[in-house]
Amino acid sequence: MTVFISILDEVGGALLFLQKILRSLFYKKIKTHEVFEQIWKVTAESFFTTAMAGFFVGAIMTVQFALQMKEFGALGYLGGLATSGTFREVGPLLIAFMLSGKVGAFTSAELGTMRVTEQIDAVRCLGADPMQEIIAPRFLGIIISSFFLLGGGLIMSVFGGMLMGYAFAGVNFEEYLRHVPMIVSPVSILSGVIKCGAFALVLATICTFKGFTTAGGAKGVGRAVVATSVSTMICIVVVDWMTSFLGEVILQMVRGYRS
């Protein structure tokens, strides 16, 4: 029971923190150059990791689909199915995991260090709002850069799938790409974009919340980083299920309305 109450307390605290961030974004002026600086920082530092993760995600998906499709003699559809699965579900999820371990942990450690060394208190003593000056630019930077990183990761996943399709199943590049426009529908792309936005919102909220509320010196920073990684991954899985469920419900409603 104590654990359950503690979880509810953490969730409530994170939601209230998100409310403060949104209030700062809507009602206070955010320095644009700091937002762009955060976007560039997150994108530049994480692009290689995300691109490599996307490359191997595409390669793994291609191998998994090829094993099944060889039995049905339908390797011509390998590229379309592997790309659709990567864009719609696996790509955004695994790339979000990579970002939670890299961007989330880094941001939490950075903000936690600023908290325990009283830099955030110093900003407040100078008459500035830490939410406006420190948190909001990082929050926006993580969310916006997540879309760039997702795009780069998904493009690399196509290259990984093409190479593995040729090496593992003997499917040339032209044949691999032939059915991609037919199978990868706008719904698949929209689903991936919505999931990316939802995952980025979860990641940005948790890592800034954990970093901003850090206490207990260096040990506290370490605990905040661990808590950020664990909480983010659990919440991403839960949000993934929720977005998939809601997306399926909406699709069923649209199809029922059309029929």
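**View 1. Residue classes in the second largest pocket.** By class, 6 nonpolar, 4 polar and 4 charged residues make up the lining of the second largest pocket. The model shown here, as in every view, is predicted.

**View 2. Centre and volume of the second largest pocket.** The space in this second largest pocket comes to about 380 Å³. Its lining counts 14 residues. Ser191, Ile194, Thr243, Gly247 and Glu248 are the ones nearest the centre.

**View 3. Helices around the second largest pocket.** α3 (78–116), α8 and α9 each contribute at least two residues to the lining of the second largest pocket. α9 gives the most, with 7 residues.

**View 4. Centre and volume of the largest pocket.** About 500 Å³ of space lies in the largest pocket. The lining is built from 17 residues. Nearest the centre are Glu10, Val11, Ala14, Ile206 and Cys235.

**View 5. Helices around the largest pocket.** At least two lining residues of the largest pocket come from each of α1 (2–27), α8 (186–212) and α9 (217–258). α1 holds the largest share of this lining, 7 residues.

**View 6. Residue classes in the largest pocket.** The lining of the largest pocket splits into 12 nonpolar, 3 polar and 2 charged residues. Glu10, Val11, Ala14, Ile206 and Cys235 belong to this lining.

Methods
Residues numbered from 1 in each chain as written. Predicted model: local features only at pLDDT ≥ 70, side-chain atom pairs only at ≥ 80, totals over all residues. Heavy atoms only, no water. 1 Å grid on protein atoms, 1.4 Å probe; cavity = no way out; pocket = protein on both sides within 12 Å on 5 of 7 lines; lining within 4 Å. Points joined across faces, edges and corners; volume = space filled by probe spheres on them. Helix = DSSP H or I, 4+ residues; strand = E, 2+ residues; numbered from the N terminus. Nonpolar A, V, L, I, M, F, W, Y, C, P; charged D, E, K, R; others polar.
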